[in-house]
Amino acid sequence: MEAELSLLPLLPVSIVAIVAVIAAAAAAIALWRGLSGWWLRALATGVLVVALIEPVLRQEEHEGLSDVVFLVHDQTESQAIADRSQQSAVALAELSGELSALESGGVETVRVDVRNNPGDGDSGSMVLSALAAAAADVAPDRIAGAIVVSDGQVHDGGVLDDFPAPVHLVLSGRADEWDRRVVVRRAPSFAIVDEEFRLAFRIEDKGEVPAGISGAAEVTISINGGDSRRARVPVGQEVELSVTLSRGGLNHLQVEVTPIAGELTDRNNVSVISVNGVRDRLRVLLVSGLPYAGERSWRNLLKSDGSVDLVHFTILRPPTKTDSVPVQELALIEFPVRELFLNKIDEFDLIIFDRYEVRGILPGIYLANVVEYVRGGGALLVAAGPAMAGPGGLYRTALSEVLPARPTGKLVQRAYLPEVTDLGSIHPVTEDLASVPAPGLSGPDDPGEGQVWGSWYRLVEAIAEHGQTIMNGPDARPLLILDRFGEGRIAMLLSDQAWLWTRGHDGGGPQLELLRRLAHWAMKEPELEEERLEAESSGSGIVVTRRTMTDRVPRLSMTTPGGERIESDMEPVSRGRWRAGIEGLESGVHVLREGDLVRVAVVGSPAPREFENPLATSALLSGLVESTGGAVVRLDRDRTPDIRHVREGRVAAGRDWVGVARRDAVLVTDVRQQPLFPSWLLLLAALAACVAAWRLEGR
């Protein structure tokens with residue numbers, strides 16, 4: 001209990017002061033006039049002034065409060081490097097025991113565990129933010145100190161500039177640590193497919209690099225987890241290498257430096273860059289056997305894309321036609337057939353034979369060259385006309401080696417509705433073709449599921465010897481067949497009447513979309529691959545989608561940034577699509593494998609801030625430690641310090657100990673106020689003084 005004298009004025013202090021001044025002036029005048037009772041008058045007014053200011057005796061009852069010490073345990077990813085977690089666990093147990101021994105002396109321990117939060121992105125170690133949040137719940141006059149067990153790698157250094165008590169850092173890690181990492185300096189967001197671009201990166205060594213470590217490093221550059229190349233580059237210098245993308249769309253470019261024994265961690269030995277591959281100009285060679293209505297559909301499709309360079313070769317007048325028109329008057333320039341089919345054929349991304357008939361215009365060696373073009377990775381699309389069923393068809397040439405269907409020689413000419421086969425319903429080229437609006441329909445009759453398209457009237461009967469039949473004609477005869485040959489691809493459409501859909505005949509159909517997909521599938525666009533593995537990161541997890549033409553898929557295998565291998569079963573979500581979700585993953589690059597398919601997915605940052613500079617250091621916290629009078633204790637050379645309860649303002653650290661301040665904070669539990677003089681007594685005293693002065697002066 002504490003007691004003190006305080007005042008509770010009945011009137012504002014300024015008014016009481018005026019009254020006191022007037023009373024003092026009256027007493028001075030009485031004294032000057034020589035009145036014998038002046039002192040009694042002064043006494044009466046003084047008593048009245050005392051009554052107005054009302055002095056009271058204030059008594060408070062206090063309850064002592066404990067001093068709060070924060071024990072902060074850094075459990076972020078960098079603390080798992082080497083033996084830091086073991087060091088920290090041992091130190092934490094000993095510090096907890098020391099603080100428990102001080103509980104009888106009025107010390108309370110608040111434990112603060114700091115972990116990475118994947119939901120906050122790549123925020124790094126928020127140690128000081130966690131300490132500030134915990135301290136905000138405690139009155140500042142109760143805070144006795146903070147002990148932080150960490151490797152010193154914090155990424156919120158500006159959050160806590162001051163602290164009302166000593167902050168001590170118990171530093172894990174070792175003084176002789178060293179590490180090697182890869183840093184990408186320059187990389188484009190977009191790159192042209194099949195054209196080189198420059199990638200600039202640097203290999204850096206940090207810390208106490210042992211003698212004998214080579215000044216060169218082995219670097220592996222891989223694209224989408226597959227194509228890779230190795231190079232030996234100098235350490236500490238910026239290096240530029242040429243890289244070429246082989247496909248369009250999003251590509252993950254991974255730069256990895258080979259780990260060396262003794263370095264601190266290999267989590268920062270890899271960096272992943274996302275580069276969008278775009279095709280500069282698609283070169284397409286269209287060979288039309290003769291002018292007809294469908295020729296315009298091919299031109300409209302290919303010319304509608306500004307990125308397509310179209311070379312159109314149309315046979316307007318066959319050599320067998322005889323008339324009196326001089327040959328030199330039939331064309332202004334000679335078409336460069338030899339140059340296109342012999343010298344520059346590999347420059348084309350796609351070759352289309354539209355209703356072509358063998359008439360001796362293209363020699364057999366040219367068509368044999370097309371076979372080698374496909375074998376080496378080229379794309380071929382054949383739209384068959386009536387000639388395919390006869391001796392003038394392409395199957396009677398060297399192209400028979402690559403064509404997936406053998407004509408029977410019969411030409412079917414009657415109305416029929418093209419239909420997507422059971423296999424075609426899950427093939428990327430035709431799986432949702434029914435949802436594409438047809439030009440002949442509009443308004444409420446827009447096509448949807450089960451839409452019936454317009455009729456065609458001609459089909460070259462053929463036997464599919466290999467490949468995938470994704471559309472049928474009348475009586476389940478093959479209409480559209482896709483196949484692979486060597487490194488290339490072939491699409492064979494056994495009718496020349498797709499143009500009827502464009503004209504809206506009998507309701508029309510999605511002819512342009514079908515032809516577009518065929519062309520892009522043949523040119524190996526990733527979105528139209530039958531077997532495809534897709535991965536999308538979401539928070540701390542990855543959602544994996546598998547597109548397949550089969551009924552079963554192997555187990556999904558994933559390699560985490562730490563080298564751990566995780567296997568997971570995939571669940572079917574629809575026919576041809578399987579999915580798996582994996583949660584609670586660490587930040588970094590995850591490599592997914594399912595059969596022969598490889599995909600790279602990045603959770604958070606490919607090289608988290610935790611591993612940008614993983615060396616243990618006190619530099620980032622030294623300002624706060626020094627300003628609060630704390631100390632830094634290294635666990636690799638010092639034992640865990642003792643903890644002492646020292647008076648506030650005293651030295652808070654010694655050779656083998658650290659101190660927490662004695663704050664002596666209290667909680668007021670009761671307040672009592674008692675007037676020093678009763679009001680009636682003061683009134684009676686003032687009245688008695690006035691009467692005495694009157695009697696004295698009356699004599």
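Guide: Let's start with a word we'll need a lot: contact means heavy atoms within 4.5 Å. What you see is a predicted model, where local features need pLDDT of at least 70, side-chain atom pairs count only at pLDDT 80 or more, and totals for chains, interfaces and linings use all residues. Residues are numbered from 1 along each chain as its sequence is written, and side-chain values use heavy atoms, with hydrogens and water left out.

Visitor: Which residues does His505 touch, neighbours up to four places away aside?

Guide: Gly454, Ser455, Tyr457 and Leu500. You'll find His505 in the loop between α8 (499-502) and α9. Helices (H or I, at least four residues) and strands (E, at least two) are DSSP runs, numbered from the N terminus.

Visitor: Why is His505 called partly exposed?

Guide: Buried means under 20% relative accessible area, exposed means over 50%, and partly exposed is in between (1.4 Å probe, protein chains only). His505 has 30%, so it counts as partly exposed.

Visitor: How far is His505 from Val90?

Guide: Their C-alpha atoms are 82 Å apart in space, and the two residues are 415 apart in sequence.

Visitor: What makes Gln511 buried?

Guide: Its relative accessibility is 3%, which is under the 20% limit, so Gln511 counts as buried. Gln511 belongs to helix α9 (residues 511-522). Leaving out neighbours within four places, its contacts are Ser297, Ala498, Trp499, Trp501 and Thr502.

Visitor: And why is Ala82 called exposed?

Guide: Ala82 reaches 53%, over the 50% limit, so the label is exposed. Look for Ala82 in the loop between β3 (67-74) and α3 (84-101). Its phi is near 50 degrees, a positive value in a residue other than glycine.

Visitor: How do you know that Ala476 counts as exposed?

Guide: Again, check the limit: Ala476 has 56%, which is over 50%, so it counts as exposed. Ala476 sits in the loop between β22 (468-472) and β23 (478-485). Phi of Ala476 is positive, about 60 degrees, although it is not a glycine.

Visitor: How confident is the predictor?

Guide: pLDDT is its confidence in each residue, from 0 to 100. The chain averages 85, and 93% of the residues score at least 70. Over residues 441-450, though, pLDDT stays under 50, and there the model has ten contacts beyond four places in sequence.
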